[in-house]
Amino acid sequence: MGRKNQKRSDRNVKSFFITTAIDYTNAAPHIGHAYEKILADVIARYHRLKGEPTFFLTGVDQHGQKVQQAAQMQGVAPQDFVDGITEKFRALWKKLEIDYTGWAATTNPRHKECVRKILTRLNNEGQIYKDKRGGYYSVRQEQFLTDKERGPDGEFGPEWGEVEFREEENYYFRLAEHKQWLLELIDTRTVAGRPLVVPEFRMAELRNAVEKVEGDLCISRPRARLAWGIEFPFDTEFVTYVWFDALVNYISFAPGYDPSPGADLAEFHRWWPATHVIGKDILIPAHGVYWPIMLKALGFPNDKIPPLLVHGWWNISGAKMSKSLGNIVDPNALADKYGAEALRYYLMSDIATGKDSDCSEERLVQRYNTDLANNLGNLLNRTLSMAWKYRNGKITSGSYDDEMTADIRAKGQTQLTQEAFPHCMEEFELDAALSRIRAYCGLCNELVEKSAPWKLAKEPERADRLSAVLYHLAEALRIIAILLSPVLSNAAAGIFAQLNWDRPFALADAKWGGLPDGHLLGKPTPLFPRIETEAGVGSPVRSSNSTDD
């Protein structure tokens with residue numbers, strides 16, 4: 001999937017730029033990759049729902065030693081290898097309805113040219129120097145380590161993988177001289193209520209890491225041992241360190257960026273700074289230390305240093321997923337079995353952004369059946385069925401009102417649509433936003449149970465109350481569809497279709513009274529068939545939503 005590049009035609013309209021980490025192309029995508037992209041996609045769709053021009057950038061990191069080694073093991077050229085892995089990522093994002101605007105690939109000539117221009121500029125400005133050093137090198141993280149990375153026992157922890165001693169000549173970026181600036185930026189942004197890292201409980205972790213910064217960053221690798229990378233423009237015997245290369249994608253593929261001194265960056269600054277969505281494992285040091293200092297060295301002012309939205313991990317029984325343990329969850333398989341929207345809903349509703357959660361197929365089925373089939377799906381089906389049975393599909397608001405209809409109307413007018421839901425989304429609390437929608441659905445189902453339209457239909461003198469109940473249910477469903485659209489765009493469109501409501505989704509329309517008196521609803525069709533698992537979770541059997549007599 002992917003949108004054509006958007007340009008901001010109205011400079012007075014607030015824009016929104018969001019990115020994800022670019023995925024390393026040494027293996028196929030797993031559930032963690034899917035979660036991050038869906039998270040960013042939902043946030044991007046929410047900002048589009050608000051009417052904001054939105055640019056959503058994602059992509060792949062195609063260089064580095066691990067890629068070169070994986071290609072060698074398969075006996076193919078690195079470019080052919082990464083092209084094959086890249087296609088797997090793009091195919092999965094299409095299946096999962098990831099609606100990105102820009103696609104970043106680090107072998108793209110546009111990106112390579114940008115990296116070379118940045119290296120040239122930093123070198124000319126004295127931010128890069130050449131030196132010969134020896135040190136311990138993490139093969140997994142593709143970086144040199146210092147004593148600060150040693151544990152209390154004096155050893156390097158398992159997170160660094162294989163560590164070996166190397167002595168070689170390389171180019172270094174002057175990282176340490178910006179340490180105090182970064183500490184002050186972290187503190188200033190925190191006090192101002194615009195933290196550099198969200199959630200804020202990650203801030204102490206980042207600040208402690210910055211305090212430990214001592215040496216400079218090795219940003220090259222000798223071409224003799226690593227050929228698969230971007231050549232240095234002023235020394236072709238070296239290629240660029242994979243992180244220094246990869247981080248640049250956030251600006252190399254941004255609208256209007258040019259690293260040349262004196263370049264016109266008006267279009268770029270109408271979008272920048274972005275919100276970077278990343279996993280907690282790459283906060284330190286890459287995104288929390290290297291990246292802001294790189295931007296500072298390139299002349300970015302403090303207010304243009306981008307915030308980091310740091311998400312947690314999906315674990316298995318509390319343990320991190322690992323290829324060696326054989327517990328990797330394949331999002332392709334889950335999407336094929338249960339559908340993309342069932343997976344999207346589960347991943348957004350069953351984890352608090354920033355924290356860890358256990359990934360469970362049983363929980364996916366439970367979430368789908370409880371929240372979508374039993375709650376929302378049943379509400380939709382019974383509302384339309386009763387409207388057609390008792391009013392030939394035509395709804396009118398009527399003059400009747402009581403405490404329950406007033407409550408549903410109040411939440412639909414302001415409490416949910418203008419307060420609770422936007423607050424949760426702006427704070428990246430997507431699970432809480434969905435919880436508010438579920439509660440609203442539950443309130444509507446409670447109205448059905450307590451008002452008993454099937455009884456009201458038998459009492460002509462209570463016809464006005466029956467009309468009011470049916471109108472409130474249908475109008476609430478219209479609002480629910482709008483709020484749910486960033487997560488479940490197809491299901492939301494399905495609700496609109498069954499309401500016979502042909503309008504684009506807009507948050508401004510999520511206010512009470514959209515459906516006019518006399519509106520004719522569409523016919524009911526089960527939108528969220530239950531997943532029956534009598535034969536086990538692995539054998540889903542779908543059944544229709546229930547209806548009321």
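This is a short tour of the structure, one selection at a time.

The model is predicted, so local features need pLDDT of at least 70, side-chain atom pairs count only at pLDDT 80 or more, and totals for chains, interfaces and linings use all residues. Residues are numbered from 1 along each chain as its sequence is written, and side-chain values use heavy atoms, with hydrogens and water left out.

**The whole chain**

Start with the protein chain in cartoon view. You will find 18 helices and 21 strands; these are DSSP runs numbered from the N terminus, with helices as H or I of at least four residues and strands as E of at least two. The radius of gyration is 27 Å, close to the 24 Å that the globule rule gives for 549 residues, so the chain is as compact as a globular protein of that length. That radius is taken over C-alpha atoms, and the globule rule is 2.2 Å times the number of residues to the power 0.38.

Buried residues account for 56% of the 549; buried means under 20% relative accessible area, exposed over 50%, and partly exposed in between, with a 1.4 Å probe and protein chains only.

**A cluster of rings**

Now select Phe17, Phe55, Tyr257, Phe268, Trp271, Trp272 and Phe300, which ring pairs link into a cluster. Rings of Phe, Tyr and Trp (its six-membered ring) pair if their centres lie within 6.5 Å; planes under 30 degrees apart count as stacked, over 60 as edge-to-face and the rest as tilted. By this rule the count comes to 26 aromatic pairs. Zoom in on Tyr257 and Phe268: their ring centres are 4.9 Å apart and their planes stand at 55 degrees, so this pair is tilted. Tyr257 lies in the loop between α8 (249-252) and α9 (266-271) and Phe268 in helix α9, so the pair ties together parts that are eleven residues apart in sequence. Both Tyr257 and Phe268 are buried.

**Charges over rings**

Next, show Arg90 and Trp103. Arg90 lies over the face of Trp103, 4.4 Å from the ring centre. Then move to Lys280, whose charged end sits over the ring of Trp313, at 4.4 Å from its centre. A charge sits over a ring if NZ of Lys or CZ of Arg is within 6 Å of the ring centre and within 35 degrees of the ring normal.

**A three-stranded sheet**

Select β10, β12 and β11, which form an open antiparallel sheet in that order. Here β10 (220-222) and β11 (231-232) stand at the edges, each with a single partner strand, so one side of each is left without a neighbour in the sheet. Three bridges join β10 to the antiparallel strand β12 (residues 235-240); two strands pair if DSSP finds at least two bridges between them. Look across from Ser220 to see Thr240 in β12.

**Backbone stops**

Most residues other than glycine have a negative phi, and most peptide bonds are trans.

Finish at Ala452, whose phi is positive, near 50 degrees. Ala452 belongs to the loop between α15 (430-451) and α16 (453-456) and is buried, at 9% relative accessible area.
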